Amino acid sequence: MKNFQNKSKIVKVSKILWNIAFAGLVLLGIMIPVSLAAALPIFFVKGLSFSLAQFMAIPMFVFAFITNLKIFRFFDRLKDGFFFDAQTVGNLNAAANWWLVLWLYEVMQYVLMQQPWNHPHDFNLYHFPPDAGGLCAALTLKFVAWFFREAQELQEEQELTV
């Protein structure tokens, strides 16, 4: 009986987290065209100077959207009752991979915005603020995906021995 109660709790919490992930998808789906629309007047209005910062935000929103989409699919599978199957664990692992790509892009964006080639003596890694939270979150998600994959293999072994 306790096993069934735990599964129903997982499904209930997954539905709530699914709604939150869906709201994130909607917001990021709006942010991508808005950031693109904010950067496009450079090409059509004379006298505006080109700013790399306006265009560098667009891939960051796309990477965040893909990451959130994979998390959304993970919770979608959980709320449907698929706990340790390959596709559910694969969605979580893919979300972790995309989050790592997002973190690497944020680091690259910060370095490019500092323009160390224009001011080589002013660029100092001491003042470099990497986003450790994004890296830790991505690595934690990667660990949880690995943990679920191991649990999946254990479950398959138990089913074969019975």
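Tutor: Let us begin with a definition: contact means heavy atoms within 4.5 Å. This is a predicted model, in which local features need pLDDT of at least 70, side-chain atom pairs count only at pLDDT 80 or more, and totals for chains, interfaces and linings use all residues. Residues are numbered from 1 along each chain as its sequence is written, and side-chain values use heavy atoms, with hydrogens and water left out.

Student: How many helices and strands does the secondary structure of the protein come to?
Tutor: Helices (H or I, at least four residues) and strands (E, at least two) are DSSP runs, numbered from the N terminus. Along the sequence the pattern reads α-α-α-α-α. The count is therefore 5 helices and 0 strands.

Student: Is α4 roughly parallel or roughly antiparallel to α5?
Tutor: Axes are lines fitted to C-alpha atoms, for helices over the stretch in contact, and angles run from 0 to 180 degrees between N-to-C directions. The axes of α4 (residues 86–114) and α5 (residues 132–161) come within 8 Å and cross at roughly 160 degrees. Angles under 35 degrees count as roughly parallel, over 145 as roughly antiparallel, 65 to 115 as roughly perpendicular and the rest as oblique. Therefore α4 is, relative to α5, roughly antiparallel.

Student: Into how many nonpolar, polar and charged residues does the contact of α4 with α5 divide?
Tutor: In α4 the contact residues include Leu-92, Trp-99 and Trp-103, and in α5 they include Leu-141, Lys-142 and Phe-148. Ala, Val, Leu, Ile, Met, Phe, Trp, Tyr, Cys and Pro count as nonpolar, Asp, Glu, Lys and Arg as charged, and the others, Gly among them, as polar. The division is 16 nonpolar, 4 polar and 2 charged.

Student: What is the residue separation between Phe-63 and Tyr-105, which form an aromatic pair?
Tutor: Rings of Phe, Tyr and Trp (its six-membered ring) pair if their centres lie within 6.5 Å; planes under 30 degrees apart count as stacked, over 60 as edge-to-face and the rest as tilted. Phe-63 and Tyr-105 are edge-to-face, at 5.6 Å centre to centre and 75 degrees between the planes. Phe-63 lies in α3 (residues 52–79) and Tyr-105 in α4, and the pair links distant parts of the chain, 42 residues apart.

Student: Does Val-62 count as buried, partly exposed or exposed?
Tutor: Buried means under 20% relative accessible area, exposed over 50%, partly exposed in between (1.4 Å probe, protein chains only). Both Phe-63 and Tyr-105 are buried. Because Val-62 has 31% relative accessibility, Val-62 counts as partly exposed.
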